[in-house]
Amino acid sequence: MPTQISVRDVIKARGDRLLLDGVSLTVRPGERIGIVGENGAGKSTLLDLLAGRDRPDQGAVTTVAEGGAEFLAQTPQLPADRSVGDAIDAALCELRAMERRLRELEAALDGASAATLAEYGDLLTSFELRGGYEADARVDKAMHGLGLAHTDRTRLLGSLSGGEQARLGLACLIAASPEVMFLDEPTNHLDESALDWLEAALLAHRGTVVAVSHDRTFLERVATAILEVDEARRTVVRYGGGYQGLIAERAAARQRWEQAYAQWCEETRRLEEFTVTTAHAVAGGRGMKDNNKMAYDRAGGRVQASVAGRVRNAQERLRRLHDDPVPKPPEPLRFTARPLAGADGDGRAAEGDLVTLREVRVGNRLYVHDLTVPAGQRLLIHGGNGAGKSTLLRTMAGVLEPDEGTVTRRGRIGYLAQEIPVRRPTERVLETFGKGLPLTEGEQAELLLSYGLFRARDLHVPVGSLSAGQRRRLALARLLARPADLLLLDEPANHLALALVEELEEALERWTGALVVVSHDRHLRRRFTGRIRRMESGRLPA
């Protein structure tokens with residue numbers, strides 16, 4: 001198939017930080033590409049380059065799209081005093097201009113020149129491919145599917161909420177139906193019915209879709225290929241087969257890594273054993289036969305020289321192996337349900353009810369009549385933005401005191417907040433991780449590195465210079481290292497690379513303690529084994 005988007009040897013930096021170094025890739029017509037990577041790795045930068053909103057420092061980006069290429073802005077690019085109808089008209093202006101030109105050409109078709117007929121034919125084909133005749137109907141369907149059906153077209157954009165503006169921008173893009181769509185986190189601000197509608201609309205789109213997204217269900221359903229922005233290597237890796245192709249290739253890469261490490265260990269052990277035992281045998285010499293000293297010396301000298309040469313070769317191979325070791329693959333993430341000191345201080349896991357809320361009220365954000373989390377219970381809470389989910393978890397964790405009611409806690413609680421504050425920006429990563437752990441600094445470093453969340457060179461980086469994703473990984477590492485009876489996790493998938501989220505979910509499946517998770521992640525909810533409850537307007541139904 002022909003290339004629609006071509007990236008050749010692109011280099012791009014932000015300030016003094018190099019994001020992309022020598023990146024080359026292609027996108028073919030009709031592909032639906034998902035762009036993934038850690039927070040701050042350069043996903044939005046890559047999308048801007050592909051869409052022509054930004055230029056590379058070096059290299060070239062070429063996009064061929066006769067039917068138009070449009071970028072989904074998070075809010076309509078119009079002043080706040082313009083109306084919803086104005087935003088729709090702006091989105092459809094190209095299609096309406098095409099339609100006006102078609103009418104003009106139709107009026108002059110009798111006796112028209114070959115050039116006019118060719119122009120009319122080309123324009124009609126392009127208009128029909130973009131669904132120009134159905135554009136207004138597509139607007140109505142998009143507004144309905146994205147929860148904006150009852151929004152007055154005369155309403156001013158400035159009166160819309162951020163979520164409403166984002167959904168209006170998405171409806172306008174779908175209605176315009178450009179040949180290439182560029183979308184940055186399109187699933188934000190959408191409820192489940194709107195998500196289902198959006199995914200169906202993108203699957204039905206005849207053109208190309210390029211979308212940055214952390215939503216695994218969206219990627220599973222929509223993406224035909226994945227581009228992963230690799231922050232460490234400053235490059236972009238392409239995976240065929242959509243999201244499942246990414247997961248399969250990562251599993252295969254992990255298996256290859258484990259095999260390479262096992263082979264390195266075995267070869268190192270064999271060579272070390274050979275050099276020690278052989279050198280010892282040479283040093284010990286061998287017995288003289290028939291008291292023939294001259295023959296013994298000649299034969300012994302030849303044998304010793306031969307063996308010594310083999311020992312030197314083995315030592316050289318061993319040196320090379322140690323100079324270029326295969327690092328040990330990190331162990332799978334694993335939470336521990338055995339606290340250092342249980343509720344009664346005897347080192348056993350707490351039993352019975354761990355958290356109980358009675359008639360708890362926090363302003364107008366939260367009201368809980370009766371909620372109890374016993375040992376071993378698994379509970380997932382979901383709901384719309386502003387439903388009170390984070391307030392509930394902060395109250396359960398003791399971070400927030402209620403205005404009314406009582407909260408009773410027992411046992412050891414591990415809490416992962418949705419946003420990770422930086423209270424001591426100059427403190428180093430290892431120092432923050434090790435606070436309160438009964439381990440030496442070397443043991444702390446070994447434990448932190450064993451999770452695979454940080455590299456050795458990151459351990460002495462100031463916490464204040466970490467990205468949101470790195471702060472999230474540090475908070476997760478602290479949680480892994482400190483045993484608990486109850487885990488309270490607020491949007492645990494936020495800011496984490498997709499592979500790490502998958503590993504985190506597997507760790508939670510193995511977790512035997514009590515668990516309360518707040519998440520909007522549909523993939524996590526689908527895999528969750530436990531009770532699932534929806535929270536609305538600050539209330540958690542029984």
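Predicted model: local features only at pLDDT ≥ 70, side-chain atom pairs only at ≥ 80, totals over all residues.

User: How many of the 14 residues of α14 are buried?

Analyst: Helices (H or I, at least four residues) and strands (E, at least two) are DSSP runs, numbered from the N terminus, and α14 is the helix of residues 468-481. Buried means under 20% relative accessible area and exposed over 50%, with partly exposed in between (1.4 Å probe, protein chains only). The buried residues of α14 include Gly469, Arg472 and Leu480. The helix is largely enclosed by the rest of the structure, because the number of buried residues is 11 of the 14.

User: Why can one say that the buried residues of α4 line one face of the helix?

Analyst: Helix α4 covers residues 114-129, and its buried residues are Tyr120, Leu123, Leu124 and Phe127. Seen down the axis of α4, these residues line one face because the directions from the helix axis to their C-beta atoms fall within an arc of 105 degrees.

User: Which helix do the buried residues of α4 pack against?

Analyst: The face of α4 turned away from its buried side carries the exposed residues Ala114, Ala115, Asp122 and Leu129. On the buried side, where contact means heavy atoms within 4.5 Å, the residues pack against α3 (93-107).

User: Which strands stand at the edges of the open sheet of 6 strands?

Analyst: Two strands pair if DSSP finds at least two bridges between them, and the sheet has the order β5-β6-β7-β3-β8-β9, with mixed pairing. Each edge strand has a single partner strand, so one side of each is left without a neighbour in the sheet, and these strands are β5 (69-71) and β9 (235-240).

User: Which residue in β7 stands opposite isoleucine 33?

Analyst: Strand β3 (residues 32-37) and strand β7 (residues 208-212) run parallel and are joined by 4 bridges. Opposite isoleucine 33 in this pairing stands valine 210.

User: At about what angle does α6 run to β6?

Analyst: Helix α6 (residues 162-176) lies across β5 and β6 (180-184). Axes are lines fitted to C-alpha atoms, for helices over the stretch in contact, and angles run from 0 to 180 degrees between N-to-C directions. On this scale, α6 runs to β6 at about 165 degrees.

Terms used:
Residues numbered from 1 in each chain as written. Heavy atoms only, no water. Expected span 1.5 Å × (residues − 1).
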